[in-house]
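Please look at the structure shown here before reading on. The notes that follow are arranged by topic.

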Amino acid sequence: MTRNLKAMIGPSILNSDLSRLYEESQKLLDNGADYLHLDVMDGHFVPNLTLGHPVVKCLRNKIKDVFFETHMMVSKPEQWIVPMADAGVNQYTFHIEPVDNVAEVCRKIRENGMKVGLAIKPGTPVSEVEKYISISDMVLIMTVEPGFGGQKFMQDQMTKVKYLRDQYPLLDIEVDGGVGPATISCCANAGANMIVSGTAVIGAADQAATIRSLRDTVQEAINKR
Ligand SMILES: O=C(CO)[C@H](O)[C@H](O)COP(=O)(O)O
Ligand SMILES: [Fe+2]
């Protein structure tokens with residue numbers, strides 16, 4: 001069976017009104033989001049705290065049939081695999097930098113019924129993640145230093161995206177950080193197909209039009225390739 005790459009937009013709710021997490025999430029989905037990107041920070045791997053598995057579980061109780069990706073910016077990703085699986089997460093994306101045995105974490109994620117995403121910070125060479133591609137479902141190339149929404153897009157990270165796309169035509173490649181209408185062409189042309197966008201989508205006057213336009217730009221680049 002041939003599998004085609006698909007353009008997908010997964011808004012980050014990090015910079016939304018978190019007292020209204022469900023309403024904000026449902027609005028994004030009603031406006032065409034393909035999946036939700038939930039940023040989990042532990043105050044240790046990154047200098048910020050967000051939400052954990054109890055909150056994700058509550059959100060899952062209200063939103064049933066939507067793909068949840070958790071972006072685990074945590075020092076001990078192995079610690080949260082079982083609770084996140086229990087909370088109804090579909091894809092567990094973790095940073096490889098603090099992990100000694102990446103293969104073992106990948107195995108445990110799969111064993112708990114979730115897809116595996118591997119994330120790298122801007123300073124981490126792409127070769128560090130490339131060795132694990134065969135045991136993962138997606139690679140996330142961070143386009144800001146993880147920890148905060150609303151930062152400036154780092155264009156120099158596109159060399160990593162382009163390298164991976166050239167080597168792995170069907171790999172799901174995600175970008176995250178400072179991505180919006182002004183930077184989407186850059187990501188699409190480099191070869192990213194899974195797009196996380198926080199501030200640009202949350203703050204858009206017309207959320208549906210913004211999501212549609214981001215996805216169209218990425219799909220056009222895929223179709224041209
Ligand atoms: O992982 C993240 C930060 O570490 C967020 O997903 C990311 O910053 C999205 O927000 P924005 O589009 O505003 O940059
Ligand atoms: Fe993120």
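**Strands, a metal site and a helix residue**

Strand β3 (residues 67–73) and strand β4 (residues 91–95) run parallel and are joined by four bridges. Strands here are DSSP runs (E, at least two residues), as helices are (H or I, at least four), numbered from the N terminus; two strands pair if DSSP finds at least two bridges between them. This is a predicted model, in which local features need pLDDT of at least 70 and side-chain atom pairs pLDDT 80 or more, while totals for chains, interfaces and linings use all residues. Residues are numbered from 1 along each chain as written, chains are lettered from A and ligands numbered from 1 in the order written, and side-chain values use heavy atoms, without hydrogens and water.

**The sheet**
- Thr70 stands opposite Tyr92 in β4.
- The open sheet holds eight strands with parallel pairing, in the order β1-β8-β7-β6-β5-β4-β3-β2.
- β1 (8–11) and β2 (35–41) are at the edges with a single partner strand each, so one side of each has no neighbour in the sheet.

**The iron ion (ligand 2)**
- His37 (NE2), Asp39 (OD), His71 (ND1) and Asp176 (OD) coordinate the iron ion at 2.1 to 2.3 Å; donors are N, O and S atoms within 2.8 Å of the metal (3.2 Å for Na, K and Ca).
- His37 in strand β2 and His71 in strand β3 are 34 residues apart, linking distant parts of the chain.
- Both His37 and His71 are buried (under 20% relative accessible area, with a 1.4 Å probe and protein chains only).

**Gln207**
- Gln207 lies in helix α9 (residues 207–224).
- The relative accessible area of Gln207 is 5%, so Gln207 is buried.

Technical notes
Buried < 20%, exposed > 50% of the residue type's maximum accessible area, 1.4 Å probe, protein only.
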